[in-house]
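Let's take a look at how charged and aromatic side chains pair up in this one. Have the model open as you read.

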Amino acid sequence: EYVCIMNPDTLFDDRHLLENLSDKLAKYEDVAVIAPVMVQQDVWDIKHTYWDIPNSWDLLRRQFVLCRKRNQAPLRLTSDKTAYVGVVHGSFLMIRVQSLIEIGFLDEGTFLYSEENMLALDMQHIGKREMLSLTDVFYHNHRKSTQRLTLKRKLQVAQIASSSRKCICRKYYSNYLILIMNVLYCINLGIITLKHIGGSLKKR
């Protein structure tokens with residue numbers, strides 16, 4: 001009835017966690033996706049556990065490497081310490097199987113980035129919502145590399161992220177946005193290159 005998707009670098013130590021999540025999904029018929037709160041490096045990281053479904057402006061501004069902030073509406077808790085949210089982080093979530101079938105399973109048009117946004121939009125399309133359980137947590141052992149990325153790698157990341165946003169744009173937003181996104185993408189590549197060169201010169 002439910003399927004749980006977890007990154008290989010996630011852990012949980014509460015033996016009742018999956019039961020807690022499935023019980024809440026059973027209770028809220030309008031909810032198709034639920035997630036516990038993410039803990040990263042011993043920090044209760046509510047900031048990165050959920051965010052709002054992006055609008056057209058959000059898609060455009062996040063084309064820039066300097067714009068990483070997501071909109072995040074204040075949480076309104078229910079009596080059992082859950083809250084409706086737009087999007088939950090994709091490293092750990094539970095999905096209602098019937099809803100997953102209705103949306104045609106996970107969209108394969110995205111890779112690495114924006115898959116959470118795509119899932120939330122797909123669920124919204126069939127009249128379902130996403131939820132966060134504030135009484136449950138999981139541990140995300142996501143460690144960033146201390147080594148500086150090469151310019152080639154930075155440009156690859158920007159290309160993958162931009163490609164995923166265009167996929168979302170084609171499916172749920174205006175195709176005219178893609179033309180603007182292409183222009184912004186080129187500008188972003190210039191910014192990334194200049195920042196990388198500036199960082200290299202500073203080290204010298």
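How far apart along helix 2 are aspartate 58 and arginine 61? They sit 3 residues apart, so about one helical turn separates them. Helices here are DSSP runs of H or I with at least four residues, strands are E runs of at least two, and both are numbered from the N terminus.

A word on the ground rules: this is a predicted model, where local features need pLDDT of at least 70, side-chain atom pairs count only at pLDDT 80 or more, and totals for chains, interfaces and linings use all residues. Residues are numbered from 1 along each chain as its sequence is written, and side-chain values use heavy atoms, with hydrogens and water left out.

**Salt bridges**

Take a salt bridge to be a side-chain nitrogen of Lys or Arg within 4 Å of a carboxyl oxygen of Asp or Glu. By that rule there are 5 salt bridges, including these:

| Pair | Closest N to O distance |
|---|---|
| Aspartate 58 and arginine 61 | 3.3 Å |
| Lysine 171 and aspartate 122 | 3.0 Å |

Lysine 171 belongs to helix 5 (residues 151-172) and aspartate 122 to helix 4 (residues 115-125), so their bridge ties together parts 49 residues apart in sequence. Shared partners also join Asp107, Asp122 and Lys171 into one salt-bridge network.

What about burial? Buried means under 20% relative accessible area, exposed over 50%, and partly exposed in between (1.4 Å probe, protein chains only). Aspartate 122 is buried at 4%, while lysine 171 is partly exposed at 38%. Aspartate 80 counts as buried at 18%, and both aspartate 58 and arginine 61 are buried too.

**Aromatic rings**

Rings of Phe, Tyr and Trp (its six-membered ring) pair if their centres lie within 6.5 Å; planes under 30 degrees apart are stacked, over 60 edge-to-face, and the rest tilted. The whole structure has 3 aromatic pairs. In one of them, phenylalanine 12 and phenylalanine 92 have ring centres 5.9 Å apart and planes at 80°, so the pair is edge-to-face. Phenylalanine 12 comes from the loop between strand 2 (10-11) and helix 1, and phenylalanine 92 from strand 8 (residues 92-96), 80 residues apart. Phenylalanine 92 is buried at 0% relative accessible area; phenylalanine 12 is partly exposed at 29%. Phe12, Phe92 and Phe138 make up one aromatic cluster.
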